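Here are a few friendly notes to read alongside the model.

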Amino acid sequence: MFRSVMLRFVLPVALASCVVAYFGLPYIQRLLAEWFRSDVELRAQLVMHSMEEPITDLVENGSEAKLRAYLAKITTDERLLAILVCRPDGKTIFKSERTPPSISCEEEGNTDLARSLIMQLHSGSVQVSRFDFDSAAPKPFRVLMVHDLSFVDRRQRTARDFVLVFVGISILLLALLIVMVAWLQLRRWARVLIGDIRGKRFFDNAHSSRESLPILSQVREVLAEAEERQRLEIDFRENWTPQALQQVVSDYLNSAQVIIVSNREPYIHNFDAQHQPVWQLPASGMVTALEPIMRACSGVWVAHGAGGADRQTVDRYDHIRVPPDDPTYTLRRVWLSPEQEQGYYYGFSNEGLWPLCHLAYVRPAFRASDWRAYEEVNAKFADVVAQESGTASPVILIQDFHFALLPQLIRKKIPKATIALFWHIPWPNAETFGVCPWKREVLMHMLSADILGFHTRYHCQNFLDTVDRFIECQIDREHMSVTLQGHVCRVAPYPISIEWPPRWLAQLPDIPACRAAVRERHGIGAEVMIGLGVERWDFTKGIIERFHALEVLLDNDAGQRGRICLLQIAAPSRGQLPAYQALQQHTYSEVERINGKFAQGGWRPIVLIDEQQEPLRVYELYRAADFCLVNSLHDGMNLVAKEFVAARDDEDGVLILSTFAGASRELPEAVLINPFDVNETANAMQIAMRMDRDERRSRMHLMRRTVKENNVYRWAGRMLMDAARIRQRQSLPSMVSRFGAFDR
Ligand code: GDG
């Protein structure tokens, strides 16, 4: 920095000063010389004036001795070098002792001298002033007064030396001043910019001083542009693969440790009939999305050990390497007491937050005991994450609404961790969220994360509105961030997806074979079209509503009876809760009623499979279906829609999709419906059944391209890239001080 300030500021100033001195000095010298000379001239006139009378008397009286004595006295003045008294014809009347040889009356008499003349002699310059005394008098004469001007030279030299020293010292002082001011200013800017870069005051001009605003806003613009460019690059990167994700972790995160925290574990161990532990993949969208990422990045996955044989399959550190058939990462199981599970999982999470965030008109229940269990379990998970964290700054990916408190609890234990919380379900509007008695606690804890991810921009806006309503903080809506007590939390949409290609496809036969197998397994005739529903048995998924839509269809168009079958997988979920038990009962009774109403021969309109299926079976069903019905009443994303599309490498099949599922934003080529309107859903089924092959192909082709490009690796890659950027920013101050400068 010192060098560049010297080169950029001090050197030009020094050069300018030298140029001024170079051209100014002769001028000053000339001016001085002129002043002194006119002083000497004046002096000569004064002297002459005072001796005018005596000298005239003495010359006219011819008293040479007296004249000599008189003038000898006058020439004792050291500046007055000599006096000559001359006749007009050049004769010398008087010539003082120190008269330089080159000055004489003769010469003076021959030349037409001006009244005053500067002469350069060996000994230095002299000024010769001439005074004529009355040429009409009987004895005219003139006086030549020679003044020594060597003092002018001396003074000129002194003045020059003084100016040079003065300029030199000024340059030095100026240089010091410039360096100091530049250093102080740079230090200030660096501090402000570092704050900006870390996101603290990035977009807040109120905190920046006025003079630094122009440069700061430019730097800010450049930074924002660079980030946007990087984001666009990622967005347009088409080929997101596990390898690309691994590269992100190694290149951008410097192979940081990645820890995933979720309630649901990716592998559950239960005992089979022979009391042997067997593992199972849970029916969970979150697990479906994250498992491929852990396979790509390794690391540790911390989750609740909920399986009957889970304790028997871990080591003494509660670790198990998974996937069981090809271990690539570690699963750390956390044990919860039945009371904890009841309060935290079934209570606050699934009876409180789940209905709160889904507008499915099931009233949320908030109990203080559930909240306490929720706090307790979150604290327990924070302890486990701290134990599992092998470094000071791991990347921690927290999953879902079960762990809203974790960001702050982990931040306290691992301050330098990069924490992202992904919210897999919708975020409601501020009024709706406002009914939660612990809304402020939930929001404050969440905002300790570095990244808060939602599926859609709409959910992000809802979250920001909610924070705005209940928390005193700074919200930057343009750049989607919240600053609370100096900590910046980025709120961004990361639409989740599935792996591409889904690994199960490789194990499945072609479409006709899958169709044949499914028809045979479920007793569906070859002439019957298959409409498919695959879900966790949840009231948000609209299972009852789709039965009613089918009923409307069969009521309205009797010709469709015997031609359509709704094959519904309902994987039991949260079965301990009254709302889910009621849903299950309602499902059974509606299936019975509708089947009873329309069944004929071997045909039933609804085939309900009320057990969780192996993933391979689920994909076989996708490949066998004529259309897939996703009519969620409210859904964060909905992965079933994407899985169906991914399974159809024949570019056939129709997707009917709820506009209240996040997936509808990405898949507008589906037949979109309002799931609350059963007539519209019935109509959509008709459309699906009648759609011609070309249209089915065109729609499916476009949807497949979207899902392929926006796969789950891209979802994770974008979040990890944002995490990497945040880490770079956070590491900046220490980097700057390492290089010895500003952030003190
Ligand atoms: C939450 C959000 C968001 C279903 N039945 C079986 C089975 N499944 C699998 C499906 C799919 C997953 O479960 C369900 O995913 P969804 O996305 O549809 O829904 P949620 O579980 O509610 O997930 C949701 C998701 O998180 C991800 O962020 O999209 O909006 O609610 O993968 O295939 N899997 C198996 N057997 C079944 O019987 N093996």
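1. Let's begin with charge on the surface. R79, R154, R155 and R157 come together as a surface patch of positive charge. Patch members have over 30% relative accessible area and no salt bridge, with like charges joined within 9 Å and nonpolar side chains (Val, Leu, Ile, Met, Phe, Trp, Tyr) within 5 Å. Lys and Arg count as positive, Asp and Glu as negative, while His and the chain ends are not counted; each charge is placed at NZ of Lys, CZ of Arg, CG of Asp or CD of Glu.

2. A word on the basis of these notes: this is a predicted model, in which local features need pLDDT of at least 70 and side-chain atom pairs count only at pLDDT 80 or more, whereas totals for chains, interfaces and linings use all residues. Residues are numbered from 1 along each chain as its sequence is written, and side-chain values use heavy atoms, leaving out hydrogens and water.

3. R79 sits in the loop between helix 2 (64-74) and strand 1 (80-86), while R157 belongs to helix 4. Helices (H or I, at least four residues) and strands (E, at least two) are DSSP runs numbered from the N terminus. R79 is partly exposed at a relative accessible area of 30%, and R157 is partly exposed at 43%. The scale here is buried under 20%, exposed over 50% and partly exposed in between (1.4 Å probe, protein chains only); areas come from the Shrake-Rupley method with a 1.4 Å probe, and for residues only the protein chains shown count as cover.

4. There is a negative counterpart to look at too. E52, E53, D57 and E60 form a surface patch of negative charge. Of these, E60 is in helix 1 (residues 2-61) and is partly exposed, with 31% relative accessibility.

5. V165, I169, L173 and L176 make a nonpolar surface patch of about 400 Å². L176 is in helix 4 (residues 150-197) and counts as exposed, at 56% relative accessible area.

6. On to the salt bridges, of which the structure has 39. The term means a side-chain nitrogen of Lys or Arg within 4 Å of a carboxyl oxygen of Asp or Glu. One of them pairs D77 with R43, with 2.4 Å between the closest N and O atoms. D77 is in the loop between helix 2 and strand 1 and R43 is in helix 1, so this pair ties together parts 34 residues apart in sequence. D77 is partly exposed at 25%, as is R43 at 28%.

7. Another bridge lies within a helix. R593 and E590 meet at 2.8 Å, N to O; they are three residues apart in helix 17 (residues 578-598), which separates them by about one helical turn. R593 is partly exposed at 36%, but E590 is buried at 9%. Salt bridges with shared partners link E551, D555, E590, R593 and K597 into one network.

8. Finally, what surrounds L655, setting aside neighbours within four places in sequence? L655 is in contact (heavy atoms within 4.5 Å) with C628, V630, A641, F644, V645, L667, A670, V671 and M703. L655 lies in strand 22 (residues 654-658) and is buried, with a relative accessible area of 1%.
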